[in-house]
Amino acid sequence: MKIEIIDTGRFYADGGAMFGAIPKSAWKRRYPCTEDNLCVLAIRSLLVTADDGRILLIDTGVNEKHQQALSWYGFFDMKNLYEQLRERGVDPEQVNDIVLTHLHFDHCGHLDFPNATFWVSRQQWDNLLAPHPLEAGSLFKEDLMPLYERGQIHLVEDESFVMENFSLRLFDGHTPGQLVPYISEGEQTSVFAGDVIPLAAHVSPAWISAYDLQPLISYESKLRLLGEAVEEQFRIIYCHDAYLAASMVKRTGDSFKAISGRSI
């Protein structure tokens, strides 16, 4: 397996929303913000190339329609995902599989991959069809239905393998049925944590975003993921951290902490 992290842009999110009940006096020491309390977030995808030539993509960023409809997020430094792939020698027609960790707009914007199978959890698909009002503004059903009608959506019911050394596990809390990919490169396993752990600062289990629909379940989900990451020495890839793309984690008493990582 070969893994490449792709950054496709930046946007602003309110710091209070990103850190929920954690006071600013605590979180501002771990994640910077503007005078208006806005945090810069990354929009990150993952390109995976298998030894047999199979090409896989995790999450597909934000499209232009979303940028216009949700302009209050202040999108900037935006890059076209298709162009980013072509710069790496990959045409959209060559992509075999796409894992959508969940169906919020910032994870599934670019969908023009005519030969790809899209891996989506059954829970997340059902959630798209009948969303809670608190989540409905983040979902664009009309973008995804054409894929379903063309038979490109593969619904994941349980933990499963996309292929050897590439597995999917289910985590609730932020939204129902979020898929978390685990990719093994030789002795190293990388975990694309999605919005289970969007920033390195969220490695602390109690640091939970106000965007999470079920924070108590988010807490338990993080403990499950982080406990295994420490025991198995997994690398965590952060989909929204604008300053740290990935790191290992360690236990610190009853909590966890991000350690040496890859800076952006």
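This is a predicted model: local features need pLDDT of at least 70, side-chain atom pairs count only at pLDDT 80 or more; totals for chains, interfaces and linings use all residues.
**Entry 1. Salt bridges**

I began with the charged pairs. The structure holds eleven salt bridges. I looked up three of them in detail.

I took Arg88 and Glu4 to start. Their side chains meet in a salt bridge, at 3.6 Å from N to O. The pair joins distant parts of the chain: Arg88 sits in the loop between helix H4 (81–87) and E4, while Glu4 belongs to strand E1 (residues 2–14), 84 residues apart. I checked the cover on Arg88. At 30% relative accessibility, Arg88 counts as partly exposed.

I went on to Lys65. Lys65 forms a salt bridge with Asp143, and the closest N and O atoms are 2.5 Å apart. This pair also links distant parts of the chain: Lys65 is in helix H3 (residues 64–69) and Asp143 in helix H6 (residues 141–149), 78 residues apart. Asp143 has 18%, and I noted it as buried. The cut-off I needed here was under 20% for buried.

Next came Glu157 and Arg122. Their side chains meet in a salt bridge at 3.0 Å, N to O. Glu157 lies in the loop between strand E6 (153–156) and strand E7 (160–163), and Arg122 in helix H5 (residues 122–129), so the bridge ties together parts that are 35 residues apart in sequence. Glu157 is exposed, with a relative accessible area of 55%. Arg122 is partly exposed, at 33%.

I then looked for shared partners.

**Entry 2. A positive patch**

Which residues form the positive surface patch? I listed Lys24, Lys28, Arg29, Arg30, Lys250 and Lys257. Arg30 lies in the loop between helix H2 (24–27) and strand E2 (38–49). Its relative accessible area is 46%, so I put Arg30 down as partly exposed.

**Entry 3. Positive phi**

I looked up backbone angles next. Most residues other than glycine have a negative phi. I noted two residues against that background.

Asn37 has a phi near 70°, a positive value in a residue other than glycine. I placed Asn37 in the loop between H2 and E2. Asn37 is buried, with a relative accessible area of 18%.

Gln233 is not a glycine, yet it has a positive phi of about 60°. Where does Gln233 lie? I found it in the loop between helix H7 (215–232) and strand E11 (235–237). Gln233 is partly exposed, at 45% relative accessible area.

**Entry 4. Helix H7**

At 1.5 Å a residue, the 18 residues of H7 should span 26 Å. The end C-alpha atoms are 26 Å apart, so the two agree.

Which residues of H7 are buried? I wrote down Ser218, Ser221, Lys222, Leu225, Leu226, Gly227, Ala229 and Val230. I set a general point beside that list. An α-helix has 3.6 residues a turn, so residues three or four places apart point the same way. Ser218, Ser221, Lys222 and Leu225 are among the buried residues.

His107 lies in the loop between strand E4 (97–99) and strand E5 (117–121). With a relative accessible area of 1%, His107 is buried. His107 and Cys239 are 132 residues apart along the chain, and their C-alpha atoms are separated by 9.2 Å.

Thr117 is in strand E5. I read 30% relative accessibility for Thr117, so it counts as partly exposed. Thr117 and Ile98 are 19 residues apart in sequence and 6.1 Å apart in space, C-alpha to C-alpha.

Met163 is in strand E7. Met163 is buried, with a relative accessible area of 14%. How far is the C-alpha atom of Met163 separated from that of Ala13? I noted 35 Å, for two residues 150 apart along the chain.

Terms used:
Residues are numbered from 1 along each chain as its sequence is written. Side-chain values use heavy atoms; hydrogens and water are left out. Patches are made of residues with over 30% relative accessible area and no salt bridge: like charges are joined within 9 Å, nonpolar side chains (Val, Leu, Ile, Met, Phe, Trp, Tyr) within 5 Å. Accessible areas come from the Shrake-Rupley method with a 1.4 Å probe; for residues, only the protein chains shown count as cover. A salt bridge is a side-chain nitrogen of Lys or Arg within 4 Å of a carboxyl oxygen of Asp or Glu. Lys and Arg count as positive and Asp and Glu as negative; His and the chain ends are not counted. The place of a charge is taken as NZ of Lys, CZ of Arg, CG of Asp or CD of Glu. Helices (H or I, at least four residues) and strands (E, at least two) are DSSP runs, numbered from the N terminus. Buried means under 20% relative accessible area, exposed over 50%, partly exposed in between (1.4 Å probe, protein chains only). The expected span of a helix is 1.5 Å times one less than its number of residues.
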